[in-house]
Amino acid sequence: RGAEQPREPRAAAQIDMASLADQAALAPPENFAMVWKGIYRSGYPSKRNLTFLRTLGLRSILFLCPEDYPDSHLGFLEECGIQLLQFGVVGNKEPFDEIPEDVLRAALDAVLDQTNQPILIHCNQGKHRTGCLVGCLRKVQRWSLVAIFEEYRRFAGSKARVVDQHFIERFQPSAGAARAGALPRALPARALEPEPEGVEPGGAG
């Protein structure tokens, strides 16, 4: 009778498949990154990103689009006890569309309110409206405009808009935001990098 075939390769394959399944279940949204402790940013989360969002222990999601939030996501928020803060605005586009400063100012106040944290900020792609809000937060943190625009362009890539950068430069935060935003300016460089889709924060890729 012939010798039995070794089983180790099959077991190893099963382990690899389980590992791949775990990674797929913890896929962050496009353009996901930590802005500061308790503050995150991303593009629009898909259904497959919800398991990853659960690991963040979010109290709030701040949504910067005027469209209704989908029922599937609302069910997820209710299940996890996450409040939805919606500040629906159109993005800055020349020559006529501009984010209302008062709405973004109110959104920034909500982000800096520690009772809303941990909080995720997102729009559709996590580039323009989210980039403007994060850029305004950096002004509160007294970052230089050079550093603010560098971060904005890192997330917006080839879609960067000069009009967004002009908006950030002109923006004046509320007095309350200026007080609440007295956060340290330094951030680990890795925290500023958008996470590739499908990779856990801090993972390879």
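This is a predicted model: local features need pLDDT of at least 70, side-chain atom pairs count only at pLDDT 80 or more; totals for chains, interfaces and linings use all residues.
Student: Which element of the protein chain has the lowest mean pLDDT?
Tutor: Elements here are DSSP runs numbered from the N terminus, namely helices (H or I, at least four residues) and strands (E, at least two). Strand β5 has the highest mean, 98, while the lowest, 51, belongs to helix α1 (residues 8–25).

Student: How many contacts beyond four places in sequence does the model have for residues 8–15?
Tutor: A contact means heavy atoms within 4.5 Å. Over residues 186–193, pLDDT stays under 50 and the model has 20 contacts beyond four places in sequence. Over residues 8–15, pLDDT also stays under 50, but the number of such contacts is 0.

Student: Which residues have the most contacts inside the largest nonpolar core?
Tutor: A nonpolar core is a set of buried Ala, Val, Leu, Ile, Met, Phe, Trp, Tyr and Cys residues joined through side-chain atoms within 4.5 Å, where buried means under 20% relative accessible area, exposed over 50%, and partly exposed in between (1.4 Å probe, protein chains only). The largest such core has 42 residues, and the elements that give two or more residues to this core include β3 (60–63), α4 (101–112) and α5 (129–140). Leaving aside residues up to four places away in sequence, L62 touches residues including L85, F87 and L133. The residues with the most contacts inside the core are L62, L64, L104, L108 and L133.

Student: Which peptide bond is cis?
Tutor: Most peptide bonds are trans. P118 is found in the loop between α4 and β5, and the cis bond, with omega near 0°, runs from Q117 to P118.

Student: Is N31, which has a positive phi, buried or exposed?
Tutor: N31 is found in the loop between α1 and β1 and has a positive phi of about 60° although it is not a glycine. Because its relative accessibility is 9%, N31 counts as buried.

Note on methods. Residues are numbered from 1 along each chain as its sequence is written. Side-chain values use heavy atoms; hydrogens and water are left out. pLDDT is the predictor's confidence in each residue, from 0 to 100.
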